[in-house]
Protein chains: 2
Amino acid sequence: MAQKPSIPKGTRDFSPAEVAKRNYIIQIIKKHFKTYGFQPIETPSFENFDTLMGKYGEEGDRLIFKILNSGDFISKVDDVTYSSKKSGSLTPKISDKALRYDLTVPFARYVVMHQNEIDFPFKRYQIQPVWRADRPQKGRFREFYQCDADVVGANSLLQEVEFVQLYDAVFTDLGLKGTTVKINNRKVLSGIAEVIGAKHLLIDFTVALDKLDKIGEEKVKAEMLEKGISENAIAKAQPLFGMSGSASEQLGQLKDLLTDSEIGLEGVAELEEILNTIDTIGLQSAKLELDVTLARGLNYYTGAIFEVAAPDGVKMGSIGGGGRYDDLTGIFGLKDVSGVGISFGLDRIYLVLEELDLFPKSLDISLDVLCLNFGDREGLASLKLVSALRNLGLRADLYPTAAKFQKQLKYANKRGVPYVILLGEKELTEGTFVVKNMETGDQKAYTLENATEFAAEIN
Amino acid sequence: MAQKPSIPKGTRDFSPAEVAKRNYIIQIIKKHFKTYGFQPIETPSFENFDTLMGKYGEEGDRLIFKILNSGDFISKVDDVTYSSKKSGSLTPKISDKALRYDLTVPFARYVVMHQNEIDFPFKRYQIQPVWRADRPQKGRFREFYQCDADVVGANSLLQEVEFVQLYDAVFTDLGLKGTTVKINNRKVLSGIAEVIGAKHLLIDFTVALDKLDKIGEEKVKAEMLEKGISENAIAKAQPLFGMSGSASEQLGQLKDLLTDSEIGLEGVAELEEILNTIDTIGLQSAKLELDVTLARGLNYYTGAIFEVAAPDGVKMGSIGGGGRYDDLTGIFGLKDVSGVGISFGLDRIYLVLEELDLFPKSLDISLDVLCLNFGDREGLASLKLVSALRNLGLRADLYPTAAKFQKQLKYANKRGVPYVILLGEKELTEGTFVVKNMETGDQKAYTLENATEFAAEIN
């Protein structure tokens, strides 16, 4: 009868200690999303099959979790489809819903459906789980949170500037100093593809370039060659691999390279404005760095692209990323709405904070004070005291039974409670309670009427 | 190409205004969960098929959303099963995961899986969505949040007392005064079934009794009769329908009725202790009421049962409920772990607060100050100012483009921003900015160096 329980691969239980740390990160991200004028929305965990399918490429379609229709779903499948016994043709007949794969497509769907209620420019944030049927591996899960902020309906580069500031604000607040916000512009990449004569291979070009960090110059060039980009074209793109100097020097080199590309020069001008503005305003602890090899896999970006690297010395992929995409809502029938957005990688930020020991120690404390239980009469007085402390905002608990003193103390130690209250027969007679500081061992007595005094002292 | 987007029936998008109100409720519930010593856990959205199936009865099994296996799932179905073309036999072959149906079974699974890391008694809270393939109707959704707090590994009635206090604390904090926490005990119901000679029909008896509020005495009796409970037995149970007087008077009547039932008297004694303790300690705004007709549908309760009614005059089903269940973790192989827990009905609480106009007006404000945009030079100074205000914790925004003044003002009005900043050419030259109070129309000037002064004034 009894089963040995387990959870599906790629999913996780979060213990109280883990939830506390995750919520700490989420609260800080949320706080800054709000001060930057973003508003929260939430969308359903599952969307209609057709809303999601075809939006993430063929690979994406495969990785979307589909939900089986309820009831006698098979009776609705026609005989021809059924007798084919093909998963591909059967799926749309037995599933009309699918779990959210990211927050961007549901957001586009939301904007189109609610366009008449929305005041544009619309700055929204969304922090919800997404699901992907990816092969689980270290740091890759089938259920994970995305923390996204996007603006739709604003073409101004001010948005890009604000997003750089927002990254800086969040990471500074998390104590994660020395992050690098890398910036590039898809127009620059388009321009390069154009001037080297590989315009028709732009996607292959950017996909290969995106791997420079991981596989190095030689292998990137080999991949480009393999994809049909000529040796001559790759040679023309050589300045890309050897960019150096300050941002403005690099922008100068790019301008030289892109003299003949209108779109390329437009990208350079945009980069210039963003870099100059951030230079004028300043950042707290992050640095903004031009990285012309930054390409990002997603094809829908059309302007600025961002990626955030953890501080030097921490081995970790990007802990955030984003960019500008024109016309995302076009797929749902609303044309010419420009969007730009960024995302925070919760799981990776968690790992970085853990590695650098940056989580506040206070997160380890889940209970401020535990009142020991010495029996019915004392218990009632203790319950009153604990109730008073809770009303004062303390996280307080009364041990549920008059178990042996050592057992109760052991529990207090395991929970890591900083203060233990002793209210035994003697104290009850005297109308007092004794507080033991679990770290120092010091004890101090208070009168029962004066719980406030104790609460004020430890707050 | 373009699709007219929609969302699956029974699901909801939440707008910024709705998220703000939902989060307001959730934050207050969380705050009190914490002060009462509960710790958060989170479990995956989907569990293994076998973890959930068979735990909620036949009807529950049908209402669980199953997730289609990835890849070529059909090729793994044997020919015999496939040729039967029966949804029931096919389902377990093409689905090995299912969406969480409630938070209690995943919690039981969590406790069993993590029993060696947990310090008992374990007080956990969990606020996550659950999914049910129910027919959607007013107030009933296919995706909705549950807000649960449970204690496992503590047999003391202190837990029941604390849950009554917890309901009182949350509803008082929400400004929802005059709620009634109804309490009963399954042992009393068992005792009654025993003394009237209908012990073998206990479930039918309690299921019928549970409907008293909705369908009235006559129909409840008719249902009992139909289920095979004799007229004689129903007549013996008559005192149940006519209980009156104070709680202690009702307890007296129950003791008379249950003289010959050990379990019944045990239930009465438990009720007595809980009622007396709450009487001694007092509640802030709720009242605790004995309701011997309270049965609650769920069969796993074994001791106290709770249900919370909204204040008089509000037509709404229960806004919270719970009880004690022994041996919940038994289904996963861990015996003799007693649990007791309560749940808050987020959607219904939302509707009640809306009806009674109890949401704080401050929730309508999503942006404290909007800085209008008068062009590039002014925009840069404005961005600096807005950045400073954000660093001071204000929710501040700069209109993204130098659009027409009226257009920007219209946006400010629609967003309901209380303060608008004007930083035009004149102000820039003078090194000042002007703040317009959108409600009163008053304007006041500040120097650009002194953003702190303005922030302090409006905080």
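Is K21(A) buried or exposed at 15% relative accessibility? In this predicted model, where local features need pLDDT of at least 70, side-chain atom pairs count only at pLDDT 80 or more, and totals for chains, interfaces and linings use all residues, side-chain values use heavy atoms, with hydrogens and water left out. Residues are numbered from 1 along each chain as its sequence is written, while chains are lettered from A and ligands numbered from 1 in the order in which they are written. K21(A) counts as buried because its relative accessibility is 15%, the term buried meaning under 20% relative accessible area, exposed over 50%, and partly exposed in between (1.4 Å probe, protein chains only).

The side chain of K21(A) meets that of E354(A) in a salt bridge with an N to O distance of 3.2 Å, a salt bridge being a side-chain nitrogen of Lys or Arg within 4 Å of a carboxyl oxygen of Asp or Glu. The pair links distant parts of the chain, K21(A) lying in helix 1 (residues 16–35) of chain A and E354(A) in helix 15 (residues 346–355) of chain A, 333 residues apart; helices (H or I, at least four residues) and strands (E, at least two) are DSSP runs, numbered from the N terminus. E354(A), with a relative accessible area of 37%, is partly exposed. Over all chains, the structure holds 60 salt bridges.

The interface between the two chains was examined next. Chain B places 105 residues in contact with 105 residues of chain A, contact meaning heavy atoms within 4.5 Å. The size of an interface is often given as the accessible area lost when the parts come together. Between them, chain B and chain A bury about 8,900 Å², of which 58% is on carbon and sulfur atoms; buried area is here the accessible area (1.4 Å probe) that two parts lose on being put together, summed over both. On the side of chain B, the residues that lose the most area to chain A are E42(B), Y82(B) and K85(B), together 8% of what that side buries.

Across this interface the rule finds 10 salt bridges, and it finds 39 residue pairs in polar contact, both residues at pLDDT 80 or more. A polar contact is a pair of N or O atoms within 3.5 Å; within protein, one must be able to donate a hydrogen and the other to accept it, and residues adjacent in sequence count only if both atoms are side-chain atoms. The residues of chain B that touch chain A divide into 47 nonpolar, 33 polar and 25 charged, where Ala, Val, Leu, Ile, Met, Phe, Trp, Tyr, Cys and Pro count as nonpolar, Asp, Glu, Lys and Arg as charged, and the others, Gly among them, as polar.

Salt bridges that cross between the chains include that of K123(B) with D397(A), at 2.8 Å from N to O, and that of R390(A) with E162(B), at 3.0 Å from N to O. The latter runs from helix 16 (residues 376–391) of chain A, which holds R390(A), to helix 7 (residues 158–173) of chain B, which holds E162(B), and R390(A) and E162(B) are both buried. Within chain A, E162(A) forms a salt bridge with K123(A), the closest N and O atoms being 2.9 Å apart. E162(A) belongs to helix 7 (residues 158–173) of chain A and K123(A) to strand 5 (residues 122–131) of chain A, 39 residues apart. E162(A) is buried at a relative accessible area of 3%, and K123(A) is buried at 4%. K123(A) and E162(A) are linked with R390(B) and D397(B) in a network of salt bridges.

R124(A) also lies in strand 5 of chain A and, at 0% relative accessibility, counts as buried. Polar contacts of 2.9 Å join its side chain to that of Q126(A) and to that of D150(A). Residues up to four places away in sequence not being counted, R124(A) touches several residues, among them F38(A), L103(A), F107(A) and D148(A).

In chain B, N437(B) is found in strand 15 (residues 432–437) and is buried, with a relative accessible area of 19%. The side chain of N437(B) reaches the backbone nitrogen of T440(B) at 3.1 Å.
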